[in-house]
Amino acid sequence: MKIVLISPKGPLYRYRGGIFGRALRYKPLTLTTLAALIPSELNAEIELVDEGIEDVPLDIKADLIGMTVITGTSRRAYELARHFRQRGIPVVLGGPHVTLIPDDAQSQADAIVVGYAEDTWPELLRDFARGQLRSRYDQAPSLSLANRPFPRRGLLPSSRYITDAVFEAQRGCLHECEFCVVPAAWGRRLYQKPVADVVADIRQHGKRHILFVDLNLYADRAYARELFEALVPLRVQWHGLVTTLFANDTPLLELAARSGCRGVLMGFESISQESLRDCKKGFNSPGDYVRIVERLHAYGIALNACFVFGADHDTTEVFLKTAQFAVDAKIDLPRFAIETPFPGTALYRRLDSERRILTRNWELYDAQHVVFQPARMSVDELQQGTEAAWKHTYRLGSIAKRLRASPMLPPIIWAANLTYRRYAHNLHRFYTCDWFAGVANRWYNLSPTIPSSQPVATKVSA
Ligand code: B12
Ligand code: SF4
């Protein structure tokens, strides 16, 4: 049996014509994890295709195709699924988008997998081998991540990525930020790999510079402490994602630094406490942000801070104010996103009930397009303002000022900043300006009641 696993492209992130080249792309864990879960008794031939780095061969030979789907890649995934099903190859869809709104994907596939797939994917494959494929497989609440096989990273070509030393320790988060996909898709609970399993994977892989993709490594303090303690003897250097609360926890911060932490990504989201309260991220305090950066730097940890524009309190002043704040606070690598109501989230439900969702073209749900009617500015102002914030923060003078306090080696942090500078100057290539500036605003003004059952057709120029 031959099983092909595909990660479809989103317009911004495809390898040809996308915004980044090879830089900033690391080897995805989803396909390699799914490959490892394929039961050995099936003796399957396995091929992985990451459309972020290569074209999907449309004439590929396969007995079964599995595709991972996030909202922004769902249109592409459905298009590929149609093509392969027409060729008579059964298609299975899974991933965050399928988990958030299974009904959207159900008709596009022979089977869908809802939730994490450590148990259901092997079960599905055994059913398929017996000719008894069901149309839907749901993760049971008893899922455990203990004693799982290590991801088969060798099945994707390392030369196409900046690193393949990508690991995960735990999934999930206990917070419930209104816009976040994590509590919406997987609930507010944590699924943890035993620390010994994580350490064994890092050891067998052998690299010294590693990356954790866990969305919140600080979700469970006791687990974080156990993990960091276990990393100390490995003498690795690592980057990961945490909340701002991590920076206030001096003993853990000190341990993290000792265990090799050299950079963290944090969701600052907004410099307005009102906006943070509105989106249920009131545990962030903008008054603390400068101190957070200074504390991280004091421990030799660089900061990739993310801000989101488009909250209901945001006016057109927010863009340059936030961008200048990022420069003055000396954030090593700031990022700006446009608030995106991913379907299935609390934010989506609220904006939908307020009839402010402007399009259900999921391809535009990539956090760099405006898909809802902002409260205090136009669609166009939100789109252009976000681009202005990127450009301001990534002016050469702004970069130089920000990096004066950076704990990272200058060639590395400058290279990352220049790559983001390129991103800032290329974002406009991915707008659907005619649609945003014209049709969407006009549609909204003329008819603020878009029927929620009907997708609003739009064109994507990228
Ligand atoms: C690493 C990561 C990235 C990496 C690599 C992406 C990749 N393809 O792996 C990079 C930095 C490139 C990236 C970029 C983006 N990402 Co991202 N990313 C993640 C992150 C943090 C981890 C993903 C991961 O590796 N998890 C570990 C693997 C093992 O878990 P998994 O993917 O969930 O897979 C399991 C199940 O879901 C299931 N499953 C998944 N697919 C399939 C398929 C089949 C057939 C089956 C059976 C099962 C199955 O089985 C797996 C085992 O249980 C997730 C957050 C998260 N925790 O999921 C966000 C996440 C997937 N990203 C997200 C977003 C929005 C983006 C961006 C649009 C952000 C942006 N504006 O830049 C881009 C778009 C990228 C694109 N392809 O177009 C959102 C998706 C939300 C949504 N509804 O669309 C997430 C959920 C984060 C969030 N909280 O919002 N991302
Ligand atoms: S803290 Fe981060 S991962 Fe957790 S719910 Fe909020 S945005 Fe999502």
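How much area do domain 1 and domain 2 bury between them? The figure is about 1000 Å², with 75% of it on carbon and sulfur atoms; buried area is the accessible area (1.4 Å probe) that two parts lose on being put together, summed over both. In domain 1, the residues that lose the most area to domain 2 are L29, L100 and Y116, which together account for 56% of what that side buries.

The model is predicted, so that local features need pLDDT of at least 70 and side-chain atom pairs count only at pLDDT 80 or more, while totals for chains, interfaces and linings use all residues. Residues are numbered from 1 along each chain as its sequence is written, chains are lettered from A and ligands numbered from 1 in the order in which they are written, and side-chain values use heavy atoms, with hydrogens and water left out.

The protein chain is assigned domain 1 (2-138) and domain 2 (165-338 + 381-418), the bounds coming from an automatic or database domain assignment. Taken over C-alpha atoms, the domain centres are separated by 29 Å. Contact (heavy atoms within 4.5 Å) involves 10 residues of domain 1 and 12 residues of domain 2.

Between the two domains, 1 salt bridge is counted, the criterion being a side-chain nitrogen of Lys or Arg within 4 Å of a carboxyl oxygen of Asp or Glu. A salt bridge links R171 and E118, with the closest N and O atoms 2.8 Å apart. On the side of domain 1 that touches domain 2, α1 (29-36) and α3 (96-100) are the elements that give two or more residues; helices are DSSP runs (H or I, at least four residues), numbered from the N terminus. The most is given by α3, with 3 residues. By class, this side has 5 nonpolar, 3 polar and 2 charged residues, where Ala, Val, Leu, Ile, Met, Phe, Trp, Tyr, Cys and Pro count as nonpolar, Asp, Glu, Lys and Arg as charged, and the others, Gly among them, as polar.

Around ligand 2 are C173, H175, C177, F179, C180, P183, T243, K281 and F283, each with a heavy atom within 4 Å of it.
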